[in-house]
Amino acid sequence: MAKQEVCVRSALHRGDYRKLTYWNMFGKDRRVGALFGAMLLVGAALLGCFFDNLSCRILGIVFCACPVLAILIMEFQILRVLRRGNLEARTEAEYRLGPGGVAASSAALPDGLCCAWEKIGGVYETRLFYLFFINRVQMFTIRKTDLSPAERRALLSLVHAHVPKAAMHLREAEAPRDCPVKTGRNMRRVLACSGKMRYDKSI
C-alpha cells in the first residue's frame with residue numbers, strides 16, 4: 001500500500017503570535033503561572049505586613065517585580081516581532097504529516113525541516129491550533145481552520161498511531177473511530193491528501 005499523508009498550508013495571523021507566546025509561557029505548563037501568582041502573593045504579604053523591616057521590604061519588592069518584569073520582557077519581544085510586519089507571509093508554511101514524521105517547508109526554510117515522530121517532544125491541541133513541539137520554543141503550528149474535517153481526523157489518527165500517550169495533550173483522548181490507526185503490526189488506511197514527502201534529515 002502506498003504511503004499516505006496529511007498536507008496543509010498554514011500561517012499565523014497577527015493576533016496569533018501573542019496568544020501562542022502567552023500560552024507557551026503559562027498555558028502549556030500551568031506551574032509557571034502558579035509560581036508567578038505565588039511570588040506576587042508572597043511579595044504583597046511581605047510589603048503589607050513587614051513594610052517597616054528593610055530586608056522584608058526589599059524581598060517583597062523583588063518577589064513582586066520578577067513576574068512583572070518577565071511579562072514586560074515577553075511583551076517587548078512580541079512587539080518587536082509584530083513590528084516587522086507581514087507576519088502571515090513570514091510564517092506561512094506547508095506541513096506534511098505521514099508515517100515518517102512531520103515535515104515543513106516555507107520561504108524561510110526552502111530546503112524544508114523534517115522531524116521524525118520519535119523526535120517530537122509533545123503534541124498539544126488548543127482551541128485554535130495543533131502544536132508539534134520539537135523543543136521548548138521551536139514548534140510546528142497548524143491552525144485548525146486550515147484543515148478540513150477529514151484532514152483533522154487524519155492528523156489525529158497519525159498522532160495516535162505514532163506519538164506516545166504521555167506526549168499527547170489532546171482534547172479528545174481517543175483516536176477518531178472513523179479513521180482507524182496503526183495497531184501492532186497492522187497498518188490500516190488513514191484519510192490524507194495526495195503528495196510525496198521527502199525526509200532529507202531528521203532532528
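This is a predicted model: local features need pLDDT of at least 70, side-chain atom pairs count only at pLDDT 80 or more; totals for chains, interfaces and linings use all residues.
Me: What makes Trp23 and Phe133 an aromatic pair, and why is the pair called tilted?

Reply: The rings of Trp23 and Phe133 sit 6.1 Å apart, centre to centre, and the limit for pairing is 6.5 Å. Their planes are 35° apart; stacked needs under 30 degrees and edge-to-face over 60, so this pair ends up as tilted.

Me: Which parts of the chain does that pair tie together?

Reply: Trp23 belongs to helix H1 (residues 14-27) and Phe133 to strand S6 (residues 129-133), so the contact joins parts 110 residues apart in sequence. Both Trp23 and Phe133 are buried, too.

Me: And what makes the pair of Phe26 and Phe36 edge-to-face?

Reply: The angle between the planes is 75°, and anything over 60 counts as edge-to-face. The centres of Phe26 and Phe36 are 5.6 Å apart, which is within 6.5 Å. Phe26 is in helix H1 and Phe36 in helix H2 (residues 30-49), 10 residues apart. Along with Tyr22, Phe26 and Phe36 form one aromatic cluster.

Me: How do you know that Arg57 lies over the face of Phe51?

Reply: Arg57 is 4.9 Å from the ring centre of Phe51, and the rule asks for CZ of Arg within 6 Å and within 35 degrees of the ring normal. Lys144 lies over the face of Tyr130 as well, at 5.3 Å from the ring centre.

Key:
Residues are numbered from 1 along each chain as its sequence is written. Side-chain values use heavy atoms; hydrogens and water are left out. Rings of Phe, Tyr and Trp (its six-membered ring) pair if their centres lie within 6.5 Å; planes under 30 degrees apart count as stacked, over 60 as edge-to-face and the rest as tilted. Helices (H or I, at least four residues) and strands (E, at least two) are DSSP runs, numbered from the N terminus. Buried means under 20% relative accessible area, exposed over 50%, partly exposed in between (1.4 Å probe, protein chains only).
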